[in-house]
Each structure stands twice: as C-alpha cells, then as structure tokens.
Amino acid sequence: MTSPQPMRDFELEVFFSKWEFKARHHMTASDIESLSLSDLLQMAAPEDRERFDKLWLGYTQTWGAPQLRDEIAQTYSGLAAENILCLAGAAEGLYAVAKVLLSAGDHVITTVPNYQSAETVPLAICEVTGVPIKKAMVRGRWKLDLDELRAAIRPNTKLISLNFPQNPTGMVLPHEDLKEIVALCRERGIWLFVDEVYRGVELDPADRLPQVAQIYERGISLNVMSKAYGMPGLRVGWIAAQDLGLLEKVEHYKHYLSICNSAPSEALALIALKSRDQILARNHALLKKNVEALEQLFADYPGLVEWTRPLGGCVAFPRFLGPEGGEAFCRKLLEVSGVLLLPGSIYRSELGDVPEDHFRIGFGRGAVFEQGLTAMRQHFEAHYPQFKA
C-alpha cells in the first residue's frame, strides 16, 4: 500500500514522445490500423455525410452530441443516452473519475502491470494497493488471483480499477471471476471502474465480457474510439454508468479539462459507430492474421521468446529468453534494426514488481506490422542464428 504522492512522469508517453515517430518500425502500437477519412466517409449514411459537410465549427455540448450519445448507448444493454458522458479520449476519463470519486482518506485497488494513469492519478490522492497479474497454468497464461484481490480490500476501499482485455498482457477475466468481483463490490459498496477499450476485438468472441456498467449499479465502463475501433486521431471517448449523479459530477469536472469534444471528431465517431459491425469485423480479421504471423516467427526461433497468444486486444507481453536479457534486446533491436518495442521497465510500478525481461509487442497495424515483422526476422537471423529451428 502506498500513500499519496506527487504524480510522476507518464513513462510510456515520455518513451513514445521520443521514439514513436522516429523508429522505422513501430511494433508496439496499442491501437488497430486506422481508416483514412475518405474510407470512413464512404461508410456514412447520406444524412450523416451531409451533417459532416455542413458542420458548424463552434463549441459542442459538454455531455457530447445527442446523436452520438444515443449511438453509444446502443452498444450497451439496458442503458440510455443519459447514462453516457463523452470525453476527450480515455485518459480524461481515468483522470476525471479519480478526481471526482476519491479523497485523501480513501483506498484504491488496481492491478500490476497496468496502464500507468490507473495507478498514478489515484496515488496523488489517496492510498493505493496493487494486485499482481501473474503467470499461471491457465488459458492465456495470465491470471488475476481473486483471493489476493479480496485480501487487499480495506474498510476504506472506495474503488477497484481493472482493465480487460488487459494492457499489456492481453488477459481477459473469466466470466465467473467478473461475477464474483461484482458481488464482492456490491457487498461492500465499492465502485468498480473497468477500462474496456479493447472490448470487441477478443480473438475468441466467446471470451467477451459483459460491460460492467450494464451489470452493476456502481459500475463505470470506460471506452474510446482509439483502440478496438482503430481511430485514436478522433480523441473521442466516454464513460457509461447507471449512477447519473456520478456522471454529472464528472461532467462538471470536465469543465476544467477539455470542456467539450471536437465537433468534427464527434460527427466522425457517430459515422464509425453506426458502421461498428463492419469495422470491428475488419479489425478482428486483421488481428487473427497478424497474430498467426507473429507466432510463426517465434516458432521459427524456439527458446528465444516465451510466447502465449493473448485472449483480447492487439498487444501481448511475451518474455525474451535470449542471453542479454529483455531490456538489452529491446534497445539493440531499436538501435540496429529500427524496430520499436516497449521494454518491460516502462511498466515499472510503485505498487509491485513487473515480470522481468518482458516486452510489449503490438499486432494491430497493417503494412507497418508486416514490414516490422520482416525486420524482426532479419534481426533474429543476424543475431540469434543458434535459436533457429
């Protein structure tokens, strides 16, 4: 358990600020191949295309455009537009919910490793406990131990923050485990915040979990156009919740942040969501194709990388088994072959240890992924011939 402290730099974003647009091959992207504007507009119904063409570039409603909130609500069961608050990306949701819900005497539980703001923002407010996601002999390799989660709960636990499908491991919680966590939270009146940004691109749709805002009165679902939909340039996200009072408080806090979203981005997000079945099917097919190609590379060099196919999302967290260790491997791969991976040290946490020698690799892009995979294969051939099958 860690007490309140100043917010440290967001290490992943600092790393990306330096390398994301400099490296020749971006092989650690956490989003799926984006559509072009023209491709997206070709999907638009005539009335939506006309609305976009004649769009007034003034301020928008803080809650989000009514048509957009209606469409987002249709992606949930039993929720309406009033249960949706649009935000400027997922990061605003992670920040604003923590600032609205938490105070100095509270306690938060999150998982390790994680997307850093899930721990850093609460840590600036109150005490936070990390529960590790561990390797286990289970499907997908990674597991959250519910006994450890239960043991971490304190009388002042206000919020449990989760992310499934998970970044960086690709873990998806079993359905029964989610039911148990909801029951645990309901029994104690704990808020349950779930980052669901990769929902919809589980490699096996049977693994898809219900959204927590649908099934729990104190559940808060976070989603965004950036990840499963592959449109991070829109910077449109949202939270969904049954508790309208909570949404109003977050909306009021949003006045200090983005105030409102971009009008063109909201219009384009509406077009995309109306075509969501087509977009998600395209993205799912791309992930399956890419993950099979990635697995073939690792199979061709047995003993070099410890790999298990993730259950959801477009990132995985394999372990490098070669002689120099994971950090040196990532550095050498970047410096020699121009391939950018995310070394495990970026996921360092003040709440617990991160498994050594792991790295994040992304497999959601199109031509960029194919070129990067070729560069990785050439690097393996040049530097690890002893591992070749």
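This note sets out numbered points on a predicted model, covering its sheet, core, salt bridges and cysteines.

1. The sheet. Eight strands form an open sheet with mixed pairing, in the order S2-S9-S8-S7-S6-S3-S4-S5. Its edges are strand S2 (84–87) and S5, each of which pairs on one side only. From one strand to the next, the twist averages 20°.

2. Strands S6 and S7. Within this sheet, strand S6 (residues 157–163) and S7 run parallel and are joined by five bridges.

3. Helix H10 (residues 244–254) lies across S2, S7, strand S8 (219–224) and strand S9 (237–241). Relative to S2, helix H10 runs at about 20°.

4. The nonpolar core. The largest nonpolar core comprises 130 residues. Leu-192, Met-225 and Ile-361 have the most contacts inside this core. Helix H12 (residues 276–300) gives the most to the core, contributing eight residues. As general background, nonpolar side chains tend to be buried together in soluble globular proteins.

5. The surroundings of Leu-192. With residues up to four places away in sequence not counted, Leu-192 touches Leu-159, Ile-160, Leu-162, Ile-181, Val-182, Cys-185, Val-212, Tyr-216, Arg-218, Gly-219 and Ile-220. One of these neighbours, Cys-185, is taken up again in the last point.

6. Salt bridges overall. The count of salt bridges comes to 25. Among the residues involved, Arg-8, Glu-11, Glu-119, Arg-348 and Glu-350 are linked in a network.

7. Lys-135 and Glu-306. These two residues form a salt bridge in which the closest N and O atoms are 2.5 Å apart. The pair links distant parts of the chain, as Lys-135 belongs to strand S4 (residues 127–135) and Glu-306 to strand S10 (residues 305–306), 171 residues apart. Lys-135 is partly exposed, at a relative accessible area of 35%, and Glu-306 is also partly exposed, at 24%.

8. Arg-139 and Asp-204. A salt bridge joins the side chains of Arg-139 and Asp-204, with an N to O distance of 3.8 Å. Arg-139 lies in the loop between S4 and strand S5 (142–144), while Asp-204 lies in the loop between strand S7 (191–195) and helix H9 (212–215), so the pair ties together parts that are 65 residues apart in sequence. Arg-139 counts as exposed, with 51% relative accessibility, whereas Asp-204, at 34%, counts as partly exposed.

9. Glu-295 and Arg-309. The side chains of Glu-295 and Arg-309 meet in a salt bridge at 2.7 Å, N to O. Glu-295 is in helix H12 and Arg-309 in the loop between S10 and strand S11 (315–316), 14 residues apart. The relative accessible area of Arg-309 is 31%, and the residue is partly exposed.

10. Cysteines. How many disulfides does a search of the whole structure find? The search finds zero. Cys-126 is in no disulfide, and the cysteine sulfur nearest to its own, that of Cys-185, is 15 Å away. Because the sulfur of Cys-185 is 15 Å from its closest cysteine sulfur, in Cys-126, the separation is too far for a bond. Cys-126 counts as buried at 0% relative accessibility, and Cys-185 is likewise buried, with a relative accessible area of 0%.

Technical notes. Residues are numbered from 1 along each chain as its sequence is written. This is a predicted model: local features need pLDDT of at least 70, side-chain atom pairs count only at pLDDT 80 or more; totals for chains, interfaces and linings use all residues. Side-chain values use heavy atoms; hydrogens and water are left out. A nonpolar core is a set of buried Ala, Val, Leu, Ile, Met, Phe, Trp, Tyr and Cys residues joined through side-chain atoms within 4.5 Å. Buried means under 20% relative accessible area, exposed over 50%, partly exposed in between (1.4 Å probe, protein chains only). Helices (H or I, at least four residues) and strands (E, at least two) are DSSP runs, numbered from the N terminus. Contact means heavy atoms within 4.5 Å. A salt bridge is a side-chain nitrogen of Lys or Arg within 4 Å of a carboxyl oxygen of Asp or Glu. Two strands pair if DSSP finds at least two bridges between them. Axes are lines fitted to C-alpha atoms, for helices over the stretch in contact, and angles run from 0 to 180 degrees between N-to-C directions. A disulfide is a pair of cysteine sulfur atoms within 2.5 Å.
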